[in-house]
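Trainee: I would like to go through this model and ask what each label rests on.
Mentor: Go ahead; we will set each value against its definition.

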Amino acid sequence: MKGSEPMPWKFLSVVALAALLSHGAAAQYPTKPIRLLVPFPPGGGPDIVGRILAPKLSDALGQTVVVENRVGGNGNVAGEAVARSPADGHTLLLGNDSLFVINPHLYAKMPFDPLKDLAPVSSLVSNGFFMAVNPSVPAQTFLEFIEVARRANPPLHYASGGNGSQHHLTMERLKVRAGISMIHIPYKGGAPATTATVAGEVAVMMSGTSTAPQIKAGRLRALAFTGPQRSRILPEVPAIAEFYPDFVMVQWYGLFAPAGTPEAVLTRLRAEADKALGLTDVKERLSNAGGVEPWISTPAEFAAEIRGEYAKYAKLVKDVGAKVD
C-alpha cells in the first residue's frame, strides 16, 4: 500500500494550513467596527447588558462595538441576521437563551437552526424573574396573590415579553403549579410588558430583574422571585421555591457568532468578554441597572447548560401547548 502512505502527511498539511489561517485571522481581527445585535427593544435586560459590555469590548479589541436592536420572533430575527453574516467575528449576537432552548420547540418552522448556525462564544449573565404586580392588586404577599388569582372572575390578565418567551412559560408553569387561571397578554419585549404592568393594563407579570428600579420606586410590587434563592438586589422578596420547592426558573444571555467563525477569533472574544465581566465597575453596573449577575463558564459548561435547558423546555412547551406559526 505504498501509494497510500503519503496521505496522512497531506492531511496534516491541510490541518496545519487551516490552523495557520485561523491564527492569522485572529492576529488581524478585528479589522472594522463590530455589530452586536440585541434581539429586544431598548431598555430591557438584554439591551442593558449589551450597552454595558460594548464599550469594554471596544476598548479591548481596538474597534467600535455598535449595539443594534433587531427585534422580532422572540430573537429569531436577530439570530438569523447574525447566522447569515460572514463568519469573521464582525457581526455578533447577544443571544437570549429562549432563542436556543425554547424557539425550536415553539415555532412550527424556524428560519434557521440556532444550534447549528450559531457558534457559542461565551456565557455572559444570568438571573431570575420577579413576579411583580401593579400596586392596585389587593395582595401584599405571594400566597395572598395566589388566593386573589384563584377567586378572580373574570381571570386576571398577565403580561409577557412575547408568546413563548420565558416570561410567558414561567407564568404558565406557575398557573399549573398553583392551580390558578389567568389570561396571557403578550407584548413585544420585556420593556413594553413592564410599561403595561406599571400602567395597570394588566395585573401582573414575570419581570426581569431590570425592573428593580420600578419596584423600589413603588410603581410595581414584587411578591416573589423565581431563582433558586432570593435575589441579592431585593433580598426581602421570597423565592417561589420557598413555597414550591421544585419551582426554579432562570434565564441567561450569551455571546454568539456565525457558525464557522475561526476558533482563534472565538477564543479571543471569549477571553475579552470574560475579562470585562470580571471588572468591578461592570459587575456593579450590571447589578444596579439590570439586576443580573455575571456568569463566566467554560465552553464545555456553556454547551452543557444549553443541552440541559433545551430538554427542559421541550417538555414545558409541549405541556403548555404553546405554538407560533
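**Values against definitions**

Mentor: Of the 325 residues in the protein chain, 52% are buried, where buried means under 20% relative accessible area, exposed over 50% and partly exposed in between (1.4 Å probe, protein chains only). This is a predicted model: local features need pLDDT of at least 70 and side-chain atom pairs count only at pLDDT 80 or more, while totals for chains, interfaces and linings use all residues. Residues are numbered from 1 along each chain as its sequence is written, and side-chain values use heavy atoms, with hydrogens and water left out.

Trainee: What makes Gly 79 buried or exposed?

Mentor: Gly 79 has a relative accessible area of 0%, so it is buried. The residue lies in helix H3 (residues 76-83); helices (H or I, at least four residues) and strands (E, at least two) are DSSP runs, numbered from the N terminus.

Trainee: Which residues does Gly 79 touch, not counting those up to four places away in sequence?

Mentor: Leu 93, Leu 99, Phe 112 and Leu 118, with contact meaning heavy atoms within 4.5 Å.

Trainee: Why is H2 called largely enclosed by the rest of the structure?

Mentor: Because 12 of its 17 residues are buried. Among them are Asp 47, Ile 48, Val 49 and Leu 61.

Trainee: How do you know what span to expect for helix H2 (residues 45-61)?

Mentor: The expected span is 1.5 Å times one less than the number of residues. For the 17 residues of H2 that gives 24 Å, and its end C-alpha atoms are 24 Å apart, which agrees.

Trainee: Which residues of H13 are buried, and why are they said to line one face?

Mentor: The buried residues of H13 are Phe 302, Ile 306, Glu 309, Tyr 313, Leu 316 and Val 317. Seen down the axis of H13, they fall within an arc of 105°, so they line one face of the helix; the arc is that of the directions from the helix axis to the C-beta atoms. The face turned away from the buried side of H13 carries exposed residues, including Arg 307 and Lys 315.

Trainee: How many helices and strands does the protein chain have?

Mentor: The protein chain has 13 helices and 10 strands.
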